[in-house]
Amino acid sequence: MKNILMATDLSARSDRALERAVNLAREHGASLLVAHIIDSDLPEYLAEAQKKAAEQILHGHLKTLTAEESAPSSIQVQVDFGRAFVDILDLSDKTEADLIVLGTHREDTLKDMFRGTTAERVIRAAEAPVLLVKERYNAPYRKIMVGIDFSVYSRRAIEFAIRFAPKSQFHLIHAYDVPFRGFLSGDDTQKDILKQHQAQFQKMIEHEMATFLTSLEPNAPQLERVLQQGTVWQVIHDQISKIAPDVLVIGTHGRTGVPHAVLGSVAEDLLERPPCDVLAVNAW
């Protein structure tokens, strides 16, 4: 990665994202642009006061974060007036950002609180991958979990994840369900048929996984594979509990023909209530 864009709302959640962004820039030798967008509808005197305060706060945070270790090759702070998600996308395009870093949204008991937030809009529309930071920084990412379905979205997600954290341990998770399973219960003969059917289906899934892995870059690191029967939601949450990843990577459809394409219910759930840091990667 060469260019990282970190967008902050100056909250404590964004402070965690800023710390992660600084360390990612240091690890990759990348340039970092830290942006804060002030609502352009504010009265001029208030907007100018907020801009001055924001610049002081951000420079103060960055000075603290780079005091003990060497600073990334380039860090810039930019405070603009506008609409948050629109300007973040514009800055991402202008700077050719390889990654956008955001803090998680405020936790709330309302089910659909994530929808309509700046993070959700950016994830839907951005061409660059988006890292949603939940946890405080304590070390570089070392354990990466990737949910896959053998699609182009999965391949793109894995390829970026390898560049994103090349020294990490990767766990590829695929959930599957055996078709017609509900019709094969009952007597011993049906149970034998079910076992045979499950074995055949498992073999087919393993073949799909092997074929999928051969499509990745030849210098890909060792990838741990997990094939588990169950719903996608169930399997992902089960494996999160077992693996305890630093980052969960998901491939999204992004803007493939429709400006606000559906992310999918599982992806939305994971982004709405992230179990750890989440990296959303659009296929294109």
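Modeller: Bear in mind that the model is predicted. A place to start is arginine 20, whose charged end sits over the ring of tyrosine 141, 3.8 Å from the ring centre.

Colleague: How many aromatic pairs are there in the whole structure?

Modeller: Searching the whole structure gives two aromatic pairs. One is tyrosine 141 with phenylalanine 164, a tilted pair with 5.6 Å centre to centre and 35° between the planes.

Colleague: Where do tyrosine 141 and phenylalanine 164 sit in the chain?

Modeller: Tyrosine 141 is in the loop between β5 (130–133) and β6 (143–147), while phenylalanine 164 is in helix α5 (residues 152–164). They are 23 residues apart, and the pair links distant parts of the chain.

Colleague: And the pair of phenylalanine 160 and phenylalanine 164, why is it called stacked?

Modeller: Their planes are at 25°, so the pair counts as stacked, with the ring centres 6.1 Å apart. The cut-off for stacking is under 30 degrees.

Colleague: Is phenylalanine 160 buried or exposed?

Modeller: Phenylalanine 160 is buried, at 5% relative accessibility. Phenylalanine 164 is buried as well, with a relative accessible area of 2%. Tyrosine 141 is also buried, and Tyr141, Phe160 and Phe164 form one aromatic cluster.

Colleague: Which way does β1 run relative to β2, parallel or antiparallel?

Modeller: Parallel: β1 is joined to strand β2 (residues 31–39) by five bridges. Isoleucine 4, for instance, has leucine 32 in β2 as its bridge partner.

Colleague: What handedness does the crossover from β1 to β2 have?

Modeller: It is a right-handed β-α-β crossover, in which the chain passes from β1 through helix α1 (residues 12–28) to β2.

Colleague: How does β1 pair with β4?

Modeller: β1 and strand β4 (residues 99–103) pair in the parallel sense too, over three bridges. There the bridge partner of leucine 5 is isoleucine 100 in β4.

Colleague: Last topic, α7. What does it span?

Modeller: Helix α7 (residues 232–243) has twelve residues and reaches 16 Å from its first C-alpha to its last, close to the 16 Å expected at 1.5 Å a residue.

Colleague: Which residues of α7 are buried?

Modeller: Val235, Ile236, Gln239, Ile240 and Ile243 are buried in α7. They cover an arc of only 135° around the axis, which puts them on the same side of the helix. Ser241 and Lys242 are exposed on the other side of α7.

Colleague: And histidine 237, what is its accessibility?

Modeller: Histidine 237 lies in α7 and is partly exposed, with a relative accessible area of 23%. The C-alpha atoms of histidine 237 and proline 275 are separated by 8.5 Å, although the two residues are 38 residues apart along the chain.

Colleague: What happens just after α7?

Modeller: Alanine 244 takes a positive phi there, about 55°.

Definitions and conventions
Residues are numbered from 1 along each chain as its sequence is written. This is a predicted model: local features need pLDDT of at least 70, side-chain atom pairs count only at pLDDT 80 or more; totals for chains, interfaces and linings use all residues. Side-chain values use heavy atoms; hydrogens and water are left out. Rings of Phe, Tyr and Trp (its six-membered ring) pair if their centres lie within 6.5 Å; planes under 30 degrees apart count as stacked, over 60 as edge-to-face and the rest as tilted. Helices (H or I, at least four residues) and strands (E, at least two) are DSSP runs, numbered from the N terminus. Buried means under 20% relative accessible area, exposed over 50%, partly exposed in between (1.4 Å probe, protein chains only). A charge sits over a ring if NZ of Lys or CZ of Arg is within 6 Å of the ring centre and within 35 degrees of the ring normal. Two strands pair if DSSP finds at least two bridges between them. A crossover is right-handed if, with the strands pointing away from the viewer, the path from the first strand over the helix to the second runs clockwise. The expected span of a helix is 1.5 Å times one less than its number of residues. The arc is that of the directions from the helix axis to the C-beta atoms.
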